[in-house]
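Please look over the structure below before reading the points that follow. They cover the backbone, the ligand site and the aromatic pairs.

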Amino acid sequence: MLKELERARNLVRSSGRVVILTGAGVSADSGVPTFRSSEGLWKQFRPEELATPDAFARDPETVWEWYAWRRRLVLECSPNEGHRAIARLLLSRDGVTLITQNVDGLHGRALRELQSEGVGRDPDGTVREPGATLELHGNLLRSRCSVCSESDEDGPEPGGGGNDTPLPRCPSCDALMRPAVVWFGESLDPGVLDRAMHAAQDADICISAGTSAVVHPAAGIPLLTRESGGSLIEVNPEVTPLSPFADIHLRGAGAEILPRILEPPD
Ligand code: OAD
């Protein structure tokens with residue numbers, strides 16, 4: 001394992017363009033349940049039963065109640081050393097793109113934490129532009145109108161939860177607001193997906209961390225790097241459908257492994 005870690009670290013160091021694809025496993029070390037674990041359940045529901053446009057059309061109160069619970073849950077969690085290592089890389093060198101399937105906003109919080117600690121500032125005080133973060137499945141802390149394109153960056157108080165709070169409505173067209181996430185059966189934002197695919201095709205290395213690699217199109221992104229001649233590193237305690245294609249599979253927790261392979265250049 002030590003040798004593999006060293007190999008991975010050297011590969012990252014020598015790669016001009018780096019793509020990191022993350023999934024729920026990276027937030028597991030912060031206490032956010034993964035999708036396909038039993039702790040991911042809320043009441044008697046599986047995510048697949050609530051994270052759909054049909055569920056929202058049928059029962060928006062329950063869907064909002066679930067998201068209110070998830071918002072509270074992620075706001076009680078903090079970014080872990082894996083999130084921080086990724087954020088440090090985004091802030092300290094060029095050519096890094098983060099593609100995440102996570103909707104918990106923890107990558108963004110890690111970035112802001114490090115920026116407030118002065119990371120990513122040049123000696124003359126200039127703040128460096130971090131590499132892009134592409135949230136493939138949206139962000140549950142934000143909301144958008146279910147009909148028009150109006151969005152609310154901060155996300156309104158969701159209501160629901162069995163109290164009398166009315167569900168949030170669009171300030172422009174008065175339709176119901178909904179969480180700004182991609183639901184099962186919905187398409188990803190084509191612009192975001194396009195940027196992610198191009199970044200993966202152009203990358204010298206892709207690190208796939210904490211994802212079961214079963215939900216497409218995200219699951220196919222690391223293969224784009226492989227197909228265009230780049231290397232693939234997988235960070236996951238388990239074997240996934242991506243494992244046979246990985247040049248290096250580091251079996252362990254993201255919070256432990258990512259800081260060891262992403263250390264920025266001195
Ligand atoms: P999953 O819950 O499917 O997979 C989590 C992965 O993380 C598994 O492969 C675990 O082995 C791994 N894992 C667990 N603990 C870990 C740790 N401490 N460090 C690293 N890895 C760990 O989550 P995703 O792959 O993110 O889509 O799921 C992909 C998408 O499916 C989600 O974005 C969501 C869901 O349906 C939408 O909501 C559209």
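**Notes on the model**

1. Pro-217 lies in the loop between strand 7 (205-209) and helix 9 (221-227); helices (H or I, at least four residues) and strands (E, at least two) are DSSP runs, numbered from the N terminus. The peptide bond from His-216 to Pro-217 is cis, with omega near 10 degrees.

2. This is a predicted model, in which local features need pLDDT of at least 70 and side-chain atom pairs count only at pLDDT 80 or more, while totals for chains, interfaces and linings use all residues. Residues are numbered from 1 along each chain as its sequence is written, and side-chain values use heavy atoms, with hydrogens and water left out.

3. Asp-174 is found in the loop between strand 5 (151-152) and strand 6. Phi of Asp-174 is near 70 degrees, a positive value in a residue other than glycine. Most residues other than glycine have a negative phi, and most peptide bonds are trans.

4. The ligand is surrounded by 22 residues, and Ala-24, Arg-36, Thr-211, Ser-212 and Asn-236 are the closest (near means a heavy atom within 4 Å). By type, this shell divides into eight nonpolar, 11 polar and three charged residues; Ala, Val, Leu, Ile, Met, Phe, Trp, Tyr, Cys and Pro count as nonpolar, Asp, Glu, Lys and Arg as charged, and the others, Gly among them, as polar. Helix 2 (residues 24-28) gives the largest share of the shell, three residues.

5. Which atoms of Asp-29 and the ligand lie 2.9 Å apart? They are a polar side-chain atom of Asp-29 and a nitrogen atom of the ligand. A backbone N or O atom of Gln-101 lies 3.2 Å from an oxygen atom of the ligand, and a backbone N or O atom of Gly-210 also lies 3.2 Å from an oxygen atom of the ligand.

6. The structure holds three aromatic pairs (rings of Phe, Tyr and Trp, its six-membered ring, with centres within 6.5 Å; planes under 30 degrees apart count as stacked, over 60 as edge-to-face and the rest as tilted). The rings of Phe-56 and Trp-183 have centres 5.4 Å apart and planes at 40 degrees, so this pair is tilted.

Definitions and conventions: A polar contact is a pair of N or O atoms within 3.5 Å; within protein, one must be able to donate a hydrogen and the other to accept it, and residues adjacent in sequence count only if both atoms are side-chain atoms.
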